[in-house]
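Q: Please take me through this structure one feature at a time. For each feature, give me the general idea and then the case at hand.

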Amino acid sequence: MGQTMAEALLANASGTEQVSPGDHVVCEIDLAMTQDIHTPGVVHLLEEMGVSELHDASRLVVVLDHVGPSHTVGNADEKAGIRQFVRDHPDAHFYDVGTGISHEVLPEKGHVRPGELIVGTDSHTVSHGAFGAASTGIGDTDMAYALATGQGWFRVPETVEFFVEGSFPEFVSAKDFLLHIAGEFGTDVARYRAIEFRGPTVESLSLDDRITLTNMSIELGAKFGFTPVDDVVTDYVEARTDEPFEVVNADDDADYAERYEVDVSDLEPQVAVPHDVGDVHPVSEVDPVEVDQVFLGSCTNGKFDDLAAAAAILDGHEVAPMTRFIVTPASREIYGRAERAGLIRVFNDAGAVVTNSTCGACPGLGLGVLGEGEVCLAAQNRNFRGRMGHNDSEIYLSSPETAAATAITGRITDPREV
Ligand SMILES: CC(C)[C@@](O)(CC(=O)O)C(=O)O
Ligand code: SF4
């Protein structure tokens with residue numbers, strides 16, 4: 001019988017011909033990532049376990065992305081501890097503060113290849129499904145075990161297919177689609193399942209837009225999120241790594257637990273209202289509430305295409321007087337491309353605050369923190385209560401296009417109206 005992407009990838013990683021949903025398999029891990037929030041915990045567990053030599057340090061990538069440059073003595077000391085761990089394991093790959101958000105940095109630096117099994121101490125590690133890798137977030141204990149042994153265990157998930165048809169209307173994009181299905185099907189539609197986004201619309205998306213889908217699969221509960229592997233993916237990967245890789249796609253006769261069809265031809269810009277990623281409405285039905293802050297960034301919406309879409313709307317306008325517009329390119333490489341393409345000038349001239357490449361405002365760590373009663377519209381992935389600061393602040397989620405329109409007017413605004 002045919003296999004889904006998750007089944008085929010986990011079969012390969014566990015050295016078996018065929019696996020089925022519900023099977024427990026022990027797999028060889030190709031790549032492990034730890035970010036700054038979780039590296040100290042993993043290091044502590046390794047010490048407790050008495051592990052001083054990692055199974056294969058060259059398969060570890062450490063990225064200091066969530067906070068930085070350090071804004072407190074405590075954070076500086078913590079980061080110094082992480083750098084010492086990296087010095088002790090010289091084969092590990094290390095990207096210090098400013099390189100970018102791990103989920104962007106890993107593929108950029110050639111660490112992500114189709115066919116691989118990747119784990120990271122961060123839930124948005126699911127992003128790399130856009131490259132045809134089985135990639136997911138794990139906790140500190142599983143990570144310590146993976147680094148010590150090179151292995152990890154998985155329960156093979158069922159797979160849900162979203163078959164996407166139609167062309168996006170102007171000013172409507174991948175983020176609107178993802179928010180739409182979160183609202184329509186619920187944020188646990190894929191709980192401990194894999195998602196495959198397929199169909200002509202998905203195939204026509206840029207890699208940046210595909211990553212928006214796989215990245216936010218975790219917001220639908222998914223263990224893995226995939227888009228199909230085609231030339232767009234292999235061209236990108238081949239330009240960044242000389243290592244061989246094996247493309248794995250779903251078989252035609254693969255068995256899906258659920259198949260949904262969505263046509264995006266008439267989709268409106270979508271907004272998730274506080275405090276639930278699944279409480280989604282077309283922007284025309286959302287009150288035009290005043291916002292104190294607009295944020296464009298994160299592993300979901302800090303990619304080059306996201307910045308370009310927002311800059312196209314912002315060009316020639318100014319940010320509303322009592323609104324702060326924070327723009328965070330997801331990596332230094334994106335920052336450079338955005339600069340060369342004139343996007344940074346557009347943001348700066350409009351009065352936006354362009355920051356270094358970091359998670360920063362997305363989880364309210366070190367910058368862009370919201371005060372009591374403040375309202376933010378954010379092109380990012382989560383609007384949980386208190387995520388960006390005070391418990392009584394509010395986060396609305398949208399596309400980069402809607403974020404740019406909202407920054408101009410200072411109230412939640414349909415990008416088709418500016
Ligand atoms: C550490 C944190 C803020 C995190 O990156 C954690 C995670 O996704 O696992 C997030 O986006 O919620
Ligand atoms: S950008 Fe936001 S969602 Fe992505 S890893 Fe950083 S904190 Fe998590």
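A: The protein chain is assigned domain 1 (5-261) and domain 2 (270-409); such bounds come from an automatic or database domain assignment. This is a predicted model, in which local features need pLDDT of at least 70 and side-chain atom pairs count only at pLDDT 80 or more, while totals for chains, interfaces and linings use all residues. Residues are numbered from 1 along each chain as its sequence is written, and chains are lettered from A and ligands numbered from 1 in the order in which they are written.

Q: How many residues does the contact take from domain 1 and from domain 2?
A: Two residues are in contact if their C-beta atoms, placed from the backbone, lie within 7 Å. The centres of domain 1 and domain 2, taken over C-alpha atoms, are separated by 24 Å. The contact takes 33 residues from domain 1 and 31 residues from domain 2.

Q: Which elements give two or more residues to the side of domain 1 that touches domain 2?
A: Helices (H or I, at least four residues) and strands (E, at least two) are DSSP runs, numbered from the N terminus. Here the elements are helix H4 (102-108), helix H6 (174-185) and helix H8 (207-215). H6 gives the most, with six residues. For classes, Ala, Val, Leu, Ile, Met, Phe, Trp, Tyr, Cys and Pro count as nonpolar, Asp, Glu, Lys and Arg as charged, and the others, Gly among them, as polar. On that basis, the side of domain 1 that touches domain 2 has eight nonpolar, 17 polar and eight charged residues.

Q: Which residues surround ligand 1, and which are around ligand 2?
A: A residue is near a molecule or strand if its C-beta atom, placed from the backbone, lies within 6 Å of it. Around ligand 1 are Ile37, His66, Asp122, Ser123, His124, Gly137 and Pro363. That shell divides into two nonpolar, four polar and one charged. Around ligand 2 are His66, Ile101, Asp122, His124, Ser298, Cys299, Cys359, Cys362, Pro363 and Asn381, and this shell divides into five nonpolar, four polar and one charged.

Q: Is strand S2 enclosed or open?
A: A residue is buried if 20 or more other C-beta atoms lie within 10 Å of its own, exposed if 12 or fewer, and partly exposed in between, with C-beta atoms placed from the backbone. Five of the five residues of S2 (residues 31-35) are buried, so the strand is largely enclosed by the rest of the structure. Leu31, Met33 and Gln35 point one way from S2, and Ala32 and Thr34 point the other way.

Q: Which strands are joined to S2 by bridges?
A: Two strands pair if DSSP finds at least two bridges between them. S2 has three bridges to strand S5 (residues 117-120), running parallel, and Met33 has Gly120 as its bridge partner there. Four bridges join S2 to strand S3 (residues 60-63), also running parallel, and Gln35 stands opposite Val63 in S3. From S2 the chain crosses through helix H2 (residues 39-49) to S3, a right-handed β-α-β crossover. Right-handed here means that, with the strands pointing away from the viewer, the path from the first strand over the helix to the second runs clockwise.

Q: Is Ile326 buried or exposed?
A: Ile326, in strand S15 (residues 324-327), is buried, with 22 other C-beta atoms within 10 Å. Leaving aside neighbours within four places in sequence, Ile326 is in contact with Gln293, Phe295, Gly297, Val353, Thr355, Ala361 and Gly368.

Q: Where are Tyr192 and Ser298, and what is the phi of Tyr192 and of Ser298?
A: Tyr192, in the loop between H6 and strand S9 (193-198), has a positive phi near 45 degrees. Tyr192 counts as exposed, with 12 C-beta neighbours inside 10 Å. Ser298 lies in helix H10 (residues 298-301) and has a positive phi near 80 degrees. Ser298 is buried, with 27 other C-beta atoms within 10 Å.
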